[in-house]
Amino acid sequence: MDCTSNVASKASTAAPKGNSESLDFSVRQAGLSTRCVHAGERRQKAEGSITAPVFNASTYTFESTEDLLRYVKGEEQREEYGRYGNPNERSVEAKIAALEKAEDAIVYGSGMAAIVGLLMTKLSAGDEIVFFDQCYHRSREFCAKHLARFGVITHQVTTGDFDAMEAAINDKTKMLVSESPTNPHLTVIDLEKFAAVGKANEVETLIDATLATPYNLSPLEYGIDYVLHSATKYLGGHNDLIAGIICGRKESLDPIRSMRGILGNISAPNNLYLLERGLKTFSLRMQRHNENGQRVAEFLESHPRVGRVFYPGLPSHPTHDIAAAQMKGFGGLITFEIQDADWQETARIVDAAQIPRIAASLGGVESLIEQPLVMSYYHCTPEDRKRFGISDNMIRMSCGIEDADDLIVDLEQALTA
Ligand SMILES: Cc1ncc(COP(=O)(O)O)c(C=O)c1O
């Protein structure tokens with residue numbers, strides 16, 4: 001082993017400096033809102049500042065060679081080089097680990113960087129993965145198209161079909177992957193079954209719980225191995241940053257953290273400051289997202305111009321029973337179809353809405369609206385759109401934290417415009 005990788009792996013797997021001080025037993029056992037505000041942070045910060053300073057440093061200095069040797073030998077835990085970690089990263093990771101009640105968490109430059117980082121660490125040529133087919137289109141693209149270039153075979157099976165999942169598993173299978181709820185159909189996975197299939201076949205399980213968040217769902221409690229979030233969405237919450245996170249057991253995450261030090265798919269300190277700031281109000285924001293999502297979904301379902309509404313909080317949703325059993329609330333994302341409309345008529349409704357802005361993404365304080373056909377699936381063939389369940393008359397709306405009454409009045413005018 002060469003010296004560089006030795007230092008890199010030591011630095012990148014070192015325990016967070018100072019976090020043990022703040023992540024004491026009482027904070028980890030506190031309510032979610034208290035954890036949002038206090039977990040992962042040092043009680044007393046530099047110069048007595050109540051907020052964490054931003055460490056805009058690419059590298060960290062040593063007083064002397066003796067000082068450096070103490071670090072290299074693992075006798076002292078501290079920062080070394082920005083690609084292997086920084087204090088802002090440590091506190092965000094510890095805070096999100098506390099929200100998920102996970103042993104450890106690794107933050108990335110984006111949700112996609114987290115997915116790629118995890119799969120590139122865990123999989124080698126000849127391995128196989130099985131994943132439920134409803135998912136964020138770039139995750140599907142990475143698994144189906146790019147992992148194949150490295151000799152990893154991806155089996156896509158119908159979301160929620162555990163028999164098909166079992167049938168696709170063989171002795172080369174290394175990972176079962178799903179979102180819950182899925183994007184954009186909001187299908188909720190039975191996590192007890194998902195974890196059981198993984199355990200019975202000795203295959204690790206990964207749930208992308210971006211749409212659920214740790215406020216609404218705790219996949220680790222069901223025995224899932226890895227929980228992943230695009231922190232760009234509800235965790236950051238303000239449509240002002242891109243980040244991703246993986247939570248799980250420390251022993252499982254250590255090699256993934258080490259690989260991040262090599263891939264370099266990290267998040268910058270300024271970005272992490274914004275994420276930490278956003279996390280402080282995460283619990284409050286989620287209450288409003290849940291309320292707004294439920295009220296707007298009920299309004300849409302009762303509207304004569306609206307056809308199918310995909311929202312797990314509605315009894316009409318195919319996986320409502322699983323959602324009600326597993327989730328505390330159902331979030332702000334709603335997908336719905338306009339009755340007997342073509343894509344142009346659907347686009348007119350999107351354009352007529354005044355409060356939600358036309359944009360990709362979800363989970364921020366501002367409501368967003370989009371037509372999946374135009375936004376993410378424009379370059380897909382009609383056959384693929386059909387396969388992925390994307391109809392021409394489909395709209396996806398992310399309810400922000402505005403007043404639900406205003407969102408409803410606005411949608412009413414847009415639907416009747
Ligand atoms: C469910 C889900 N996972 C992952 C991602 C990717 O996250 P990011 O945009 O932060 O890379 C997205 C993005 O929309 C998503 O919706």
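Q: How far apart do the centres of domain 1 and domain 2 lie?
A: The C-alpha centres of domain 1 and domain 2 lie 28 Å apart, and the bounds, 3–280 for domain 1 and 283–416 for domain 2, come from an automatic or database domain assignment. Residues are numbered from 1 along each chain as its sequence is written. This is a predicted model, in which local features need pLDDT of at least 70 and side-chain atom pairs count only at pLDDT 80 or more, while totals for chains, interfaces and linings use all residues.

Q: How many residues does the contact take from each domain?
A: The contact takes 26 residues from domain 1 and 30 residues from domain 2, where two residues are in contact if their C-beta atoms, placed from the backbone, lie within 7 Å.

Q: Which elements give two or more residues to the domain 1 side?
A: Those are helix H4 (32–38) and helix H11 (213–216), helices being DSSP runs of H or I with at least four residues, numbered from the N terminus.

Q: Switching topic, which residues of the largest nonpolar core touch the most other members?
A: Of its 105 residues, Ala 105, Leu 118, Ile 245, Ile 246, Cys 247, Leu 275 and Ile 334 do. A nonpolar core here is a set of buried Ala, Val, Leu, Ile, Met, Phe, Trp, Tyr and Cys residues joined through C-beta atoms within 7 Å. The largest share of this core, 7 residues, comes from H7, and the core draws at least three residues from each of domain 1 and domain 2.

Q: And what does Ile 334 contact, leaving aside neighbours within four places in sequence?
A: Its contacts include Gly 293, Val 296, Leu 300, Phe 310 and Met 397.

Q: Back to H7: how many of its residues are buried?
A: In H7, 10 of the 12 residues are buried, so this helix is largely enclosed by the rest of the structure; among them are Gly 111, Leu 118 and Lys 122. A residue is buried if 20 or more other C-beta atoms lie within 10 Å of its own, exposed if 12 or fewer, and partly exposed in between, with C-beta atoms placed from the backbone.

Q: What about Ala 347, which helix is it found in?
A: Ala 347 is found in helix H16 (residues 343–352), and it counts as partly exposed because it has 19 C-beta neighbours inside 10 Å. Not counting residues up to four places away in sequence, Ala 347 touches Gln 371 and Val 374.
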